[in-house]
Amino acid sequence: MNASVSPRAIDEIAKVKDHSASNYAPLELVLESAEGAWITDVDGKRYIDCLSAYSATTFGHSYPKFIEVLREQTSKISIASRAVYVEGFGAFAEALAKLAGKDMILAMNTGAEANETAIKIARKWGYRVKGVPADQAKIIGAEGNFHGRTTTMISLSDDDIARNDYGPFTPGFELVPYNDAEALRAAIDENTVAVILEPIQGEAGVAVPDPGYLAEVRKITAEHNVLLILDEVQTGMGRTGTTFRFQAEGIEPDLITTAKALGGGILPVSAVIGNKDVLGVLEPGTHGSTFGGNPLAAAIGKAVVDELATGKWQQNSQDLHPVLFEPLRALVGRGVTDVRGAGLWAGVDIDPAIGNAHDVCEDLLEKGILAKDTRGKTVRLAPPFIVSREEIEQITNAFTEVIEARWQQAQSAGAAE
Ligand SMILES: *Cc1c(COP(=O)(O)O)cnc(C)c1O
């Protein structure tokens, strides 16, 4: 695949390798521009974007309404800090809280920061409201989780690659197996203030728990006066076919964290959403962020919420769900071992007999489809909402061709032995 990389691309890649820390191993693809569901590289080759910046560009690139809001807001005021009021933040906070059926929000910038904030709120709630002795608060998470890259978030992780050489870690966390409500029940003690879970584990390969698991977790946490924090950074904002995933599960968490698509593919915007009885424990000076809730972020975030409030995008991803999933499911047993997901979000496990997920992503790139592997064996497909039925068919046709070619190859190699 590297053979087609042009001098401009080679130059960019070399500069990044020389002058940026190597904390990523990018695909050998250098982009120049993007619009809607399509991205274009420096050589003019076009690809359908099924990565969607890990769901940050769920509305597609340069969504016209958001660009309009961006122009309008930057012509007024972009950054001010929360030391003052700027018209617009209140409307954003009200709209986002309402979208989730809650009273209020706390605005931050990134997903990791939103989760850090939720952890702080839960601890404070534990001491002030639940009456847990000072510094004894315990928070339970799930094995295989991904909540971000800060020191505290990796303290909650069991991913060695994310943790190695970054200790010592933040105490006060315990992990239990995901999708095991009884293990969770057994881990709760009198000092437990919260349980934090992703309603579907994205980085773990779009791991969808059994029906009823989250409802059981909600029941157990309510019985023990323990907050339920749902990390909807990736699953939220319509990605799974409902505004938030918890709505599909028929439950109400105490705190919700959201980010990624909340920034409309324009800038980072994140928030913790909850009711006054929990978020109300914060007092001035006890938490903050220079950029959190800035006027530009508030304007874009409000525009994103307004789009989702119409319900049309959620309906669209439910309508397109079978168009994406049926052809993928037809490959199970012929190079694919499992297909999971919801809405326009699929995790496809590749049979090791035909290669790994990274190989499949390289083949897809050749066919003009950008997708990313996770944890070795899973290809994640997350096209933006504005994708058409025809574009989804292009994606699934390319996927089918790639898998069938590799399957044929594996069969004939097997026959030759
Ligand atoms: C991406 C992600 C995060 C971290 O968000 P950042 O903006 O990268 O800090 C946290 N939780 C989940 C579930 C995510 O997918």
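Author: K102 is buried, with a relative accessible area of 8%. Buried means under 20% relative accessible area, exposed means over 50%, and partly exposed lies in between (1.4 Å probe, protein chains only). The model is predicted: local features need pLDDT of at least 70, side-chain atom pairs count only at pLDDT 80 or more, and totals for chains, interfaces and linings use all residues. Residues are numbered from 1 along each chain as its sequence is written, and side-chain values use heavy atoms, with hydrogens and water left out.

What is the partner of K102 in a salt bridge? The partner is E252, and the closest N and O atoms are 2.8 Å apart. This pair links distant parts of the chain, 150 residues apart. K102 sits in the loop between α4 (89–99) and β4 (104–108). E252 sits in the loop between α10 (245–248) and β9 (255–258). Helices (H or I, at least four residues) and strands (E, at least two) are DSSP runs, numbered from the N terminus. E252 counts as partly exposed because its relative accessibility is 43%.

A salt bridge is a side-chain nitrogen of Lys or Arg within 4 Å of a carboxyl oxygen of Asp or Glu. Side chains of opposite charge can pair when their charged atoms come close. A search of the whole structure finds 23 salt bridges.

Next, a pair within one helix. K15 bridges to D11, with 3.3 Å between the closest N and O atoms. Why are the two about one helical turn apart? They are four residues apart in helix α1 (residues 7–19), which means a separation of about one helical turn. K15 is partly exposed at 49% relative accessibility. D11 is partly exposed too, at 43%.

Now a pair that involves a strand. D349 and K377 meet in a salt bridge of 4.0 Å, N to O. D349 belongs to strand β12 (residues 345–350), and K377 to the loop between β14 (372–374) and β15 (378–381), so the bridge ties together parts 28 residues apart in sequence. D349 is buried at 5% relative accessible area. K377 is partly exposed at 47%. Some bridges share partners: E182, R185, E216, K219 and E223 are joined into one network in this way.

Charged residues also turn up beside the ligand. Its shell divides into three nonpolar, six polar and three charged residues. Ala, Val, Leu, Ile, Met, Phe, Trp, Tyr, Cys and Pro count as nonpolar, Asp, Glu, Lys and Arg as charged, and the others, Gly among them, as polar. The residues around the ligand include E198, D231 and K260. A residue is near a molecule or strand if one of its heavy atoms lies within 4 Å of it.

A polar side-chain atom of D231 is 2.7 Å from a ligand nitrogen. A backbone N or O atom of G111 is 2.8 Å from a ligand oxygen. A side-chain N or O atom of Q234 is 2.7 Å from an oxygen atom of the ligand. The protein covers 81% of the 380 Å² of accessible area that the ligand has on its own. Accessible areas come from the Shrake-Rupley method with a 1.4 Å probe; for residues, only the protein chains shown count as cover.

Which helix gives the largest share of this shell? Helix α5 (residues 111–130) does, with three residues. T117 also lies in helix α5. T117 is buried, at 0% relative accessible area. The side chains of T117 and H287 make a polar contact of 2.9 Å. A polar contact is a pair of N or O atoms within 3.5 Å; within protein, one must be able to donate a hydrogen and the other to accept it, and residues adjacent in sequence count only if both atoms are side-chain atoms.

Last, a sheet. Four strands form an open sheet in the order β1-β2-β3-β13, with mixed pairing. The edge strands are β1 (31–35) and β13, each pairing on one side only. Two strands pair if DSSP finds at least two bridges between them. Strands β2 (residues 38–41) and β3 (residues 46–49) pair antiparallel over three bridges. There, I39 stands opposite Y47. The two strands form a hairpin with four residues between them, and G44 in the turn has a positive phi of about 85°. β3 also pairs with β13 (residues 369–370), in the parallel sense, over two bridges.
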